[in-house]
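The following note sets out comments on the model shown below. Each numbered point takes up one part of the structure.

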Amino acid sequence: MHVDQFEWSKPKGWSARGTADNADLVLYFGSREGLACGARYRELREMFPSAHILGCSTGGQIRNHDITDDEVVAAALKFAATPLRLACEQVKVPESSRACGEAIGRALHAPDLAGVFVLSDGLNVNGSELVAGIAGVVGSNVPLTGGLAGDGAKFEETVVGANCAPRSRTVAAVGFYGNAVRIGHGSAGGWDEFGPRRHITKSRGNVLLELDGKPALDLYERYLGEEDIKGLPGTALLFPLRIRDPERPDHDIVRTVLSVDREARSMTFAGDMPQGWVGQLMRGNFDRLSAGAGNAAQQACAKLGPHGENAGIAVLVSCIGRRLLMGQHVADEIEAAGAEIGTDVPRLGFYSYGEISPHSASGVCELHNQTMTVTTIAEAVGGIV
Amino acid sequence: MNKLFARQLEKAKGSTGEVDLDALGRLVSAEYEQTTVDRRRTDRSISLMIEELDELNRELEGVVKERTGQLRQREQEFHAALENMSQGLIMFDASARIVVCNERYMQMYALSPETAQPGQTLHDLLDHRLANGTFTGDADQYTEQLRAGIARDDTSRLITELGDGRTISVVNRRMANGGWVATHEDITERRDAEKKIAHMARHDVVTDLPNRVLLRERLTEALASVRRGSRLAVLYLDLDRFKAVNDTLGHPVGDELLRMVAQRLRGCVRQVDTIARVGGDEFAIIQADIEGPQCASQLACRIRDAIRAPYEIDGHTAIVDTSIGISLSPNDSVQPDTLIKNADMALYRAKAEGRGTYRFFEPEMDARMHARRKLELALRGALANREFEVHYQPIVNLADNTIASCEALMRWIHPDLGMIPPSEFIPLAEEIGLIVQLGEWIIRQACNDAMQWPEHIRIAVNLSPIQVMSTNLMPVVVNALAASGLSPGRLELEITEAVLMQNTEATIATLHRLRNLGVHITMDDFGTGYSSLSYLRSFPFEKIKIDRSFVKGMDSGEESEAIVRAVAGLAQNLHMTTTAEGVETERQMEQVRTLGCTEMQGFLFSPPVRAPDVERLFAQERKSRTGAA
């Protein structure tokens, strides 16, 4: 397997790239403004006529130890013995998220499917339903990773493109086949719970209406203060909500806000907010968030085998909420992950509106928020051409 | 160098490698800004959290206070419920130590609160009870058995008898924590009541003798030994004239009489025999293990003699007699019901053949009973089948030898059996309640027939005591008169002394009503019953009929003649007519005329004849009178 990393910047255009002209897969991430015009896709298509080209808008791009908002980062992947298949669907309304996931699942499903990497619209999709739809078809034993596209801290529009110019309301996924490919994954948060536990007393799907019988938005606004209220929904990411089923207290999930309805005093989250579950606000400590990122990378690498034997790539998908909170310190988490993965392994990624990865405790594929997820893609040594 | 600053420095370097101070300043300043904002947020969130937790704490304190109040209330309610239970309650934990014990429990077993306080063991408690005599037995063994019982079943029940005579029902129920709760109930009264009820179910209330239920059980048991070769007798008896005692002296005296009879019967039998009261004045005796029938007849004689002796009750002297029927096992039957039925049949026979005697069951009694039942069936159909006829016997005025009236007499001509005498079917009709219907029929028939007769001739109809007591006698008489058009003055109703012996006040009232209607009332068969003169005073009869036995007796003795004379004289003084019944000879006719009787009835003049024949007699009389004139 061979990986070439390169990037695009306004003053310089595309940087020099390696020898992988005949790449099988190109991953690229950039700001919504940088991608929506379609020029970047067309340039990539020219460079890699036969590759599957998959990319999305983000809340910041990751390239090795750098985080950038202006550049478009890309990686061209050439596999020795791993067939690929690309699937793409449009989501008209969030309620059809599961059906969309099922359609993607059906398009990719095969006995030798070894892993799925998915990129989804970040604002018009119920991520939990999407993941459930895909996993329901391909089976829970197939690792499913990826993330929801971002739009900086603006939460206006996200785009995803698969072999075409990126568009809104799109979900796309690439399937890896055969027994040569090795997919590793890890996911961790590092957030600290604080304040009392609260009960989700009223919700509808991923719309949270009440906590402990009071409007959910009231609680958030009280904690954010007047300054930060103006920054909603982005500022709500400063206080993620960890929720858990009281029947399975060890299985908890962190949810992040996608939008708020000031009239209805409700908040829409990236995934389901089941009524009857228990929620608790969370607060980040920079050191522990960075340690969480390192932990995610460690989990992903543990599945890769002896370090150095497998030249591959690590795809980092971290939550926009972490970046908003950590500010310039966010580089610490990229460094912490890089230290675990190894600086010789190319790292590419983005800040997202939601991360997709198997749960570190239960192994069930889920939508996460406020986490760092790391997906490592490699091929077995014997598979190198 | 600080890692972040190093990174900022790196970022601030231009393409030449020199640090752009403005750019560095912006990065550092932004970080300061961010840090300030972040600290503000942190402060804010921490103080809010404290506020929220404080609020929550207050809420919780409120809840705890409220719950504590509720708990205290529940505890008071629980305590009130516990102390107001009629049962004793004691609860133990898994190590058999008292958790709670109510006042009632302590009272039941005379325990002080210290001895039954929480924490004490069951064993300690039993030691105290052993000392005060409310527990007997081995405390270790009891504890062990109790715990084993609870381990085996959720609930164990036992009934214990205390030394002082109390009966206690104990229910132990296992609890989820391994302990158990025991409820103790003093069921002494309930037990006694149950025993009493069980006794009452099988004994007669008045005499405390076994009733029919227990009799049957005892007989079944006794018959088991008959199958092993022994013999027994069943004596069935009833009291003659008991009803008269009951009616005249009242039920309390009647009941006392029954108790005395029971006592005398007890004196006649052995311990192994059973005496039962099986009906109003009916008793049955199982004479067990007898050598032969003579044992039964000896017992019957002893009983008869014992019963016959006068009874002194509340200043009254009562005399009753008894008739006894006897059946033997295995000879007559080995079935309890058959034996009782056979003894009853023998009793019926004994009564029929003159009271105050005993009879053994004989198979033909059964046959006779069947015959009687057959007759009963025939009788029930006879009225509808028009098998009855009315015959009339003239009553002659002794002054001029002319017919004054005719007595209507019922005749039953059965298509197969022929003429059945009234002495057979009238008692049967009375017994089965058909007499009222028959009586109604004969009154109507007689009234109708009399309408064909010369106007001076009256019609006399006999009334049975049952008819007189029945409430519809008045309407029957009124309807018969109305339907026939007969003048009430032509109707005579004959009653016997037996009518006056029963239910006197109501009877007299009925007779007065009939008389007010214009109907004549005659005292029939005078001299055969008690012949009490008070009967004659109780109601102004217009006529006395002197029983045929006195007329017949005149031939053989002076006593009858004296009686006839006395009665005739009495009647004359009371302005009553006297009819001598059963006059068969010219001599008798002359005698009764001489003795002062005003009328006679008998074969001398005419036997009872059919309606056309009696009308012929009227015609003859008219003719002879015309001829004489």
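**Comments on the model**

1. Helix α11 of chain B is covered, at its buried residues, by elements that include α7 (212-227), β6 (232-240), β11 (321-329), β12 (358-360) and α12 (363-382) of chain B. Buried means under 20% relative accessible area, exposed over 50% and partly exposed in between, with a 1.4 Å probe and protein chains only. Helices (H or I, at least four residues) and strands (E, at least two) are DSSP runs numbered from the N terminus. The buried residues of α11(B) include B:Pro336, B:Leu339, B:Ile340, B:Ala343, B:Leu347 and B:Ala350.

2. This is a predicted model, in which local features need pLDDT of at least 70 and side-chain atom pairs count only at pLDDT 80 or more, while totals for chains, interfaces and linings use all residues; side-chain values use heavy atoms, with hydrogens and water left out. Residues are numbered from 1 along each chain as its sequence is written, and chains are lettered from A and ligands numbered from 1 in the order in which they are written.

3. The length of α11(B) (residues 336-352) agrees with expectation, because its 17 residues should span 24 Å at 1.5 Å a residue and its end C-alpha atoms are 24 Å apart. The expected span is 1.5 Å times one less than the number of residues. After α11(B) comes B:Gly354, with a positive phi near 100 degrees.

4. The axes of α12(B) and helix α13 (residues 422-432) of chain B come within 10 Å and cross at roughly 80 degrees. This makes α12(B) roughly perpendicular to α13(B), a term that covers 65 to 115 degrees. Axes are lines fitted to C-alpha atoms, for helices over the stretch in contact, and angles run from 0 to 180 degrees between N-to-C directions. Among the residues that make the contact are B:Leu375 and B:Leu379 of α12(B) and B:Phe425 and B:Leu428 of α13(B); contact means heavy atoms within 4.5 Å.

5. Chain B also has an open sheet of five strands in the order β2-β1-β5-β4-β3, with antiparallel pairing. Strands β2 (98-101) and β3 (155-161) of chain B are at the edges with a single partner strand each, so one side of each is left without a neighbour in the sheet. Two strands pair if DSSP finds at least two bridges between them. Strand β1 (residues 88-92) of chain B is joined to β2(B) by three bridges, and B:Ile90 stands opposite B:Cys101. Helix α5 (residues 139-152) of chain B lies across β4 (167-174) and β5 (180-186), at about 50 degrees to β4(B).

6. Which residues of strand β12 (residues 170-177) of chain A are buried? Eight of the eight are, so β12(A) is largely enclosed by the rest of the structure. A:Thr170, A:Ala172, A:Val174 and A:Phe176 point one way, and A:Val171, A:Ala173, A:Gly175 and A:Tyr177 the other way. β12(A) pairs in the antiparallel sense over seven bridges with β8 (residues 84-90) of chain A, and over seven bridges with β9 (residues 113-120) of chain A, also antiparallel. A:Glu89 stands opposite A:Val171, and A:Val116 opposite A:Gly175.

7. A:His52 is found in strand β4 (residues 52-57) of chain A and counts as partly exposed at 23% relative accessibility. A:His52 touches residues including A:Asp24, A:Leu84 and A:Asn163. The C-alpha atoms of A:His52 and A:Leu84 are separated by 8.4 Å, with the two residues 32 apart along the chain.

Definitions and conventions
Angles under 35 degrees count as roughly parallel, over 145 as roughly antiparallel, 65 to 115 as roughly perpendicular and the rest as oblique. Lists of a residue's contacts leave out its neighbours within four places in sequence.
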